[in-house]
Amino acid sequence: MGAMSLFVESPVTFEGDSLVNQVKWSEADPVGAMAASTLDDKDRESFQVFFLNTDGSLLKNVSVTHDREATVMGWQPKSRILAIGWGDGMLSCWSVDGRVRPSSTFSNSSHHNAAITTMQWSPNGKRLVTGDRNGLVVVWAVDARGTLTATRNYRKKGGVPALIFCA
């Protein structure tokens, strides 16, 4: 049988004016993530990542908030762990099981200090590679809980627009 696509319209309601900048669905489980920026009634901007059920509805009281926007997101291929790269260079991993809890959070001047522009998980989910606007590429080892450990850094000239994981 050939591949099939399905489109389902599912409106999501936010408080205040919101702009969604990306949506990522897990390939391992029926859960999604949606990054958005929201303006409240006093024009204060906040940045969140919300989590979605299979029907596209928001998981109640489950979100991640940060002071810069999520620039890139990626689901670990074998579990419900979401890596989020932020505009300030922070990389965070979140485990999702109906509620969100941090697996690990990293913000370190020896790693990314510019917006993370791209990420790629290894097919087995044990490595994550991230690249930033200043040309830093970091290879991370990832354990079963989603804890990240930087194993290698590479520098290149200019920003890193894309990564491909080669085994």
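Phe51 is buried, and Trp75 is buried as well, where buried means under 20% relative accessible area, exposed over 50%, and partly exposed in between, computed with a 1.4 Å probe on protein chains only. Please note that this is a predicted model, in which local features need pLDDT of at least 70 and side-chain atom pairs count only at pLDDT 80 or more, while totals for chains, interfaces and linings use all residues. Residues are numbered from 1 along each chain as its sequence is written, and side-chain values use heavy atoms, with hydrogens and water left out.

How many aromatic pairs does a search of the whole structure find? The search returns one. Its ring centres, those of Phe51 and Trp75, are 6.3 Å apart with the planes at 75°, so the pair is edge-to-face. The criterion is that rings of Phe, Tyr and Trp (its six-membered ring) have centres within 6.5 Å; planes under 30 degrees apart count as stacked, over 60 as edge-to-face, and the rest as tilted. Because Phe51 belongs to strand β3 (residues 45-52) and Trp75 to strand β5 (residues 70-75), the pair ties together parts that are 24 residues apart in sequence. Strands here are DSSP runs (E, at least two residues), numbered from the N terminus.

Gln22 counts as buried because its relative accessibility is 14%. Its side chain reaches the backbone oxygen of Thr71 at 3.4 Å, and a polar atom of that side chain lies 3.5 Å from the backbone nitrogen of Met73. Leaving aside residues up to four places away in sequence, Gln22 touches Ala33, Met34, Ala35, Ala70, Thr71, Val72 and Met73, contact being heavy atoms within 4.5 Å.

Ala36, in strand β2 (residues 32-39), is also a buried residue, because its relative accessibility is 4%. Between Ala36 and Leu19 there are 17 residues of sequence separation and 5.4 Å from C-alpha to C-alpha.

Finally, the open sheet. Four strands follow the order β9-β10-β11-β12 with antiparallel pairing; a pair requires at least two bridges found by DSSP. At the edges stand β9 (116-121) and β12 (148-155), each pairing on one side only. On average, neighbouring strands of this sheet are turned by 20° against each other, direction ignored; the axes are lines fitted to C-alpha atoms, and angles run from 0 to 180 degrees between N-to-C directions. Within the sheet, β10 (residues 127-132) and β11 (residues 136-142) pair in the antiparallel sense over five bridges. Which residue in β11 is the bridge partner of Leu128? That partner is Trp140.

Terms used: A polar contact is a pair of N or O atoms within 3.5 Å; within protein, one must be able to donate a hydrogen and the other to accept it, and residues adjacent in sequence count only if both atoms are side-chain atoms.
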